[in-house]
Amino acid sequence: MKRRQFFTGSLAAGVGLWAARHVPAAETATTLKTGDAKMTFQQPPLPFEMNAMKPFLSEEQLKYHYGKHHAAYFKNLNGLVEGKPEAGMSLREVVVQSTGPVFNNAAQAWNHSFYWDCLSPQGGGEPQGDLAAALQRDFGSFAAFQKAMSEAAVKLFGSGWAWLAADKAGKLEIMPLGNADTPLKHAKEPVLTIDVWEHAYYIDFRNERPKYVEAFWKAANWEFAGKCYAAVK
Ligand code: FE
């Protein structure tokens, strides 16, 4: 299967494979040649077109966020691990095992790949099935979960991520984590995330993080989150 097809040709199948394997294409450490640059870890393509998320996110916003910020984490990481043992690991393994600059860049590479999959031009609404039941069990209702996750995202000081994550028993929790921190570092499995670094929303929303978070829900990819949750247990 071609990489592009994996992410866009059949979204449902691609997401299912992604979640089931817990290993996105970006995590497979394969040495590829891109021009003269040796790319140990390769940034996966966006799972939607650059102009497909309007009006939530403009093409310009995505060009910077995906094309500049996310790409830079991969570039930096590849430079840091060249010739080192990490170059032979999966991206997820590097995130779990590393510290310092290697962790920061590896986690930001992984986190963003996960974030793109949490967005869909056909997103919004509410989850179905086991995830819906678990949200009701652990938060009281979907509305209560959404309110709590929004508050966590808005109140997180500085740069970071608001995560919905599950432990190995399937219990859900909201984890507001700073900078590059990720549930993977806390033995939890990510189910959904909102990037609240300013670079995620500044072009479209300027300083108004609450408006970005409110708009996120109209793009939330519950099909993907549901498959991530199903793969936890
Ligand atoms: Fe970001």
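Two notes on the model come before the structure. Residues are numbered from 1 along each chain as its sequence is written. The model is predicted, so local features need pLDDT of at least 70, side-chain atom pairs count only at pLDDT 80 or more, and totals for chains, interfaces and linings use all residues.

Let me start with the whole chain. It has 10 helices and five strands. Those are DSSP runs, numbered from the N terminus: helices are H or I, at least four residues, and strands are E, at least two. Of the 233 residues, 43% count as buried. Buried means that 20 or more other C-beta atoms lie within 10 Å of the residue's own; exposed means 12 or fewer, partly exposed is in between, and C-beta atoms are placed from the backbone. Now contacts. Two residues are in contact if their C-beta atoms, placed from the backbone, lie within 7 Å. Among contacts between residues at least 6 apart in sequence, 66% join residues at least 24 apart.

On to the sheet. It is open, has three strands, and runs in the order β4-β3-β5 with antiparallel pairing. Strands pair here if DSSP finds at least two bridges between them. β4 and β5 are the edge strands, each with a single partner, so one side of each lacks a neighbour in the sheet. From one strand to the next, the twist averages 25°.

Take β3 with β4. They are antiparallel over seven bridges. Gly160 has Gly178 of β4 as its bridge partner. Trp163 is bridged to Met175 in β4. On the β5 side, Trp163 has Thr193 as its bridge partner. β3 and β5, the latter at residues 189-195, are antiparallel and joined by six bridges. There, Ala165 is partnered by Pro190.

How many residues of β3 are buried? Seven of its seven, so the strand is mostly covered. Gly160, Ala162, Leu164 and Ala166 point one way, while Trp161, Trp163 and Ala165 point the other. β5 is mostly covered too, with seven of its seven residues buried.

Next, the turn. β3 and β4 make a hairpin with five residues between them, and Gly170 in the turn has a positive phi of about 95°. Ala169 sits in that loop, between β3 (160-166) and β4 (172-178). Is Ala169 buried or exposed? Exposed, because it has 7 other C-beta atoms within 10 Å. Its C-alpha atom is 6.4 Å from that of Lys233, 64 residues apart along the chain.

That brings us to helix α10, residues 222-232. Nine of its 11 residues are buried, so the rest of the structure largely encloses the helix. Among the buried ones are Trp222, Phe224, Cys228, Tyr229 and Val232.

Now the helix contacts. Axes are lines fitted to C-alpha atoms, for helices over the stretch in contact, and angles run from 0 to 180 degrees between N-to-C directions.

First pair: α3 (residues 59-81) and α5 (residues 100-117). They pack at about 140°, axes 8 Å apart. The two are therefore oblique to each other. On this scale, under 35 degrees is roughly parallel, over 145 roughly antiparallel, 65 to 115 roughly perpendicular, and the rest oblique. The crossing is left-handed: the near helix is turned anticlockwise from the far one by less than a right angle, whereas clockwise would be right-handed. Residues of α3 in this contact include His70, Tyr73 and Phe74, and those of α5 include Pro101, Val102 and His112. The contact divides into nine nonpolar residues, five polar and no charged. Nonpolar covers Ala, Val, Leu, Ile, Met, Phe, Trp, Tyr, Cys and Pro; charged covers Asp, Glu, Lys and Arg; the others, Gly among them, are polar.

The angle is about 145°, with the axes 9 Å apart. α7 passes α9 in a right-handed crossing. Ser150, Ala153 and Val154 of α7 meet Arg209, Pro210 and Val213 of α9. Here the residues divide into four nonpolar, one polar and one charged.

To close, back to the sheet: the order is β4-β3-β5, and β4 and β5 stand at the edges. α5 packs on this sheet, touching β3 and β5, and its direction makes about 85° with that of β5.
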